[in-house]
Amino acid sequence: MIMEQGTGLVARLRAHLADASASSFQLMGEDLALLSGPDLRMAGAAYDEHLSRAVPDALRPAFEAEQRTLLREAHALLRRHNHCLHARVAGYLDLGRRVGFEYPWPVVAVLGICTVLDGMSRMRVYGLLGRATALLGLPHVERASERIDDALRRTNRAIFADSVPLTLLALRCHALRREGRGDLAAALLDGPLPPLMDEECRALARRLTDALGVEDGARRFEALAALTLEHFRREQAVFTHHLGAPRQGAPRPHPTWLDGLVGNVRAVRAPRVERGLLGRRRLVFRSQRLPAGFDVRAHAPRVTEFGRAFVSSITGCREDYQAAVDYSLARFGAPGERLALAFPRGGTALTA
């Protein structure tokens, strides 16, 4: 996805990389080293210009106070949860509870971590095999498995760090609208973004704010399920970045045939909702074959195949999604925790 040039630090990064599709999540990695003092001055000037253009004078103190509060809350969540896979699961469940699990994206993220844990187990097997082959003078297997394992860990950490602030922004704007302060919500969505957000974050936050406010419950579920797929596309862009692959076109050939053997998968273990006795739905993980020649580094085919496997598979109807919520809470929630999805009329009710 090629985004508009934008302003601030993301615009400076795009200029240095000569890449109009560079995203704000890249500023949380090695690409931050490209930015200098003059870049900060230019980004600050762009921030001030955007503020004067998009936020009325009377709203600026409230705008800046709200943005500061949001960043502090995001920072607290990231410090608490973004240090290991299981802690991130707890963080996703925290976000899910805030919206009564009406937004499927946190549940999709939890189920994705279940598959990541399996993938890391496979990489450890390859790693053990690689140590044995290294003794025979063939170190490539160990290197290839370690590279994939590292990409999975960096991706999982970066996705959480990228998604938490934009989700909290949308929840706050939804709350402000319900309080009758739509002008302040509009300022937060239209005004200058925090440095680690880009225009795609803004678009997702706007759509999430709007979807949470849909009055009719059935239509709200449809809107939130559709948005989950768009949010998932953003997550996959993070994965592509950490794989070192392009978003457009075909990836470079693998360095060795062993890299191709280790890095490419013929099937993925993904969630599926099945009917058991008396028609009761339950979520299970099944191996799903991928198309012949599938290359995990190829962005567009992976978005299509994984989107079908991890998002569409559980959001086709509210009953299927309820099964996914049940699985997530039974496996990772508090003992005995249950939640019956309701989607009542009037928009999503937020909890603390």
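1. F160 has a relative accessibility of 0% and therefore counts as buried, where buried means under 20% relative accessible area, exposed means over 50%, and partly exposed lies in between (1.4 Å probe, protein chains only). The model is predicted, so local features need pLDDT of at least 70 and side-chain atom pairs count only at pLDDT 80 or more, while totals for chains, interfaces and linings use all residues. Residues are numbered from 1 along each chain as its sequence is written, and side-chain values use heavy atoms, with hydrogens and water left out.

2. The chain has 12 helices and two strands; helices (H or I, at least four residues) and strands (E, at least two) are DSSP runs, numbered from the N terminus. Read from the N terminus on, the order of the elements is α-α-α-α-α-α-α-α-α-α-β-β-α-α. Of the 352 residues of the chain, 51% count as buried.

3. The structure holds eight aromatic pairs, a term for rings of Phe, Tyr and Trp (its six-membered ring) whose centres lie within 6.5 Å, with planes under 30 degrees apart counted as stacked, over 60 as edge-to-face and the rest as tilted. One of them is edge-to-face and joins Y92 to F160, at 5.0 Å centre to centre and with 90° between the planes. This pair links distant parts of the chain, since Y92 lies in helix 4 and F160 in helix 6 (residues 140-178), 68 residues apart. Y92, at 2% relative accessibility, counts as buried. Y92, Y103, W105 and F160 form one aromatic cluster.

4. F285 and Y327 form a tilted aromatic pair, with 5.7 Å centre to centre and 55° between the planes. Here too distant parts of the chain are linked, with F285 in strand 2 (residues 281-289) and Y327 in helix 12 (residues 318-332), 42 residues apart. F285 counts as buried at 10% relative accessibility, whereas Y327, at 21%, counts as partly exposed.

5. The axes of helix 3 (residues 60-81) and helix 4 (residues 85-98) come within 8 Å and cross at roughly 140°; axes are lines fitted to C-alpha atoms, for helices over the stretch in contact, and angles run from 0 to 180 degrees between N-to-C directions. That makes helix 3 oblique to helix 4, because angles under 35 degrees count as roughly parallel, over 145 as roughly antiparallel, 65 to 115 as roughly perpendicular and the rest as oblique. In contact (heavy atoms within 4.5 Å), E73, L77, R80 and H81 of helix 3 meet residues of helix 4 including A87, R88 and L95.
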